[in-house]
Amino acid sequence: MAERRAVIAVCGHEAGYGRALEGLVDPGVSVVPSGRELFRSISAHRRRGEETAVVPMTLGRDPDLVADTARTLRAVAGGDRAATVLTEPFGTAQHLVGWLRAAAGRVSEDSALLVTAPSGDPFEDAELYRIAALVRRYGRHALVEVAFTGGDPDPAEGVRRCRLLGAERVTLLPAGFAPPEVPELTGPAGPPVDRTGPLVPASALRRVLAERVADALRRRRGHGDDGIAAGLTAADNHGHSHTHPPGEGHDHGHGHEHGSGHHHPHGPGHPHPHQHPSADGAGQVIRSIA
């Protein structure tokens, strides 16, 4: 008889340590921050006889969340760890470029875009500038700026910069799970400020979660891989092996090469796990799953 299955969504700053997922995930999904709360959640599910699939809820800017989650799972007692699998992260930087481009496509061309996300460490914040540059390069908006909630520049300063650069309208484009608040501005009246969001609607978020879990369980059944070893290296190469968003699998049997130079064949329906060390050019090929 198969064990019951539980899903744990592990959250860092991109998801407000869980607050941003309220009302977005299915009621049965446990939403916890990494570390002690994750450890306790796994233990609680195992006491109820449930196997657990743990999903790092990053949109691609927080590889440390993946590595920290893997370290926590490695510390779980052997019996409990055998019934636990670490999935690939919810999203990667490549997915984030695609989601942002799709959201930008719904914004009028005469509006400046202010890509806004919770502030992280300096490397994560620098990554958002790179992502925003790709959104601008492969989009139709002339002005794309970046702002950080809880960081520098904050959204108010980002709007002011857009104003100084001649924007007639500014739209906040969320690069986190929760839409940012429209800032209150002081001084002379400036361009109107709108916002879009959420970046990933609830229906799409649930769909991606389900795919991450299904892929991880297939990987464990087929190869005995619980995902922990790969997760431990996520912060080393600023990424974690991942599959394509739903609907973007590769049903082909020929081998092919990626920009990283490696070559590997795929059978029909293969989940196509691989790593992309760079998102350069990703905006040309990635479509949104939302």
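**Contacts, helix packing and backbone features of the chain**

Apart from its neighbours within four places in sequence, arginine 81 is in contact with Leu73, Arg74, Val76 and Ile228 in this predicted model. Arginine 81 belongs to helix α3, which spans residues 78–82, and its relative accessibility of 29% places it in the partly exposed class, because that class covers values from the 20% limit for buried residues up to the 50% limit for exposed ones.

For the chain as a whole, eight helices and ten strands are assigned. When contacts between residues at least 6 apart in sequence are considered, 71% of them join residues that are at least 24 apart.

Two helix pairs were examined for their packing geometry. Two packed helices are described by the angle between their axes and the distance between the axes. In the pair formed by helix α1 (residues 36–47) and helix α2 (residues 63–74), the axes lie 10 Å apart and the packing angle is about 45°. The arrangement of α1 relative to α2 is therefore classed as oblique, since an angle must be under 35 degrees to count as roughly parallel and must lie from 65 to 115 to count as roughly perpendicular. The crossing of α1 with α2 is right-handed. On the α1 side the contact involves Leu38, Phe39 and Ile42, which meet Thr69, Thr72 and Leu73 of α2; by residue class, the contact of α1 with α2 comprises four nonpolar residues, two polar residues and no charged ones. Leu73 of α2, which takes part in this contact, is also one of the residues in contact with arginine 81.

In the pair formed by helix α4 (residues 93–104) and helix α5 (residues 122–137), the axes come within 9 Å and cross at roughly 50°, so that α4 is oblique to α5. The crossing of α4 and α5 is right-handed. Helix α4 contributes Ala93, Leu96, Val97, Leu100, Arg101 and Ala104 to the contact, and helix α5 contributes Glu127, Arg130, Ile131, Leu134 and Val135. Eight of the residues in the contact of α4 with α5 are nonpolar and three are charged, with no polar residue among them.

Several backbone features were found in loops. The peptide bond from aspartate 152 to proline 153 is cis, its omega being near 0°, and proline 153 is situated in the loop that connects β6 (144–149) and α6 (155–164). A cis peptide bond, again with omega near 0°, leads from glycine 197 to proline 198, and proline 198 occurs in the loop between β8 (193–195) and α7 (202–223). In the loop between β1 (4–11) and β2 (30–33) lies tyrosine 17, which adopts a positive phi of about 55° although it is not a glycine. The side of the accessibility scale on which tyrosine 17 falls is given by its relative value of 47%, for which it counts as partly exposed, because only values over 50% are classed as exposed.

Conventions:
Residues numbered from 1 in each chain as written. Predicted model: local features only at pLDDT ≥ 70, side-chain atom pairs only at ≥ 80, totals over all residues. Heavy atoms only, no water. Helix = DSSP H or I, 4+ residues; strand = E, 2+ residues; numbered from the N terminus. Contact = heavy atoms within 4.5 Å. Axes fitted to C-alpha atoms, helices over the stretch in contact; angles between N-to-C directions. Parallel < 35°, antiparallel > 145°, perpendicular 65-115°, else oblique. Left-handed = near helix turned anticlockwise from the far one by under 90°. Nonpolar A, V, L, I, M, F, W, Y, C, P; charged D, E, K, R; others polar. Buried < 20%, exposed > 50% of the residue type's maximum accessible area, 1.4 Å probe, protein only.
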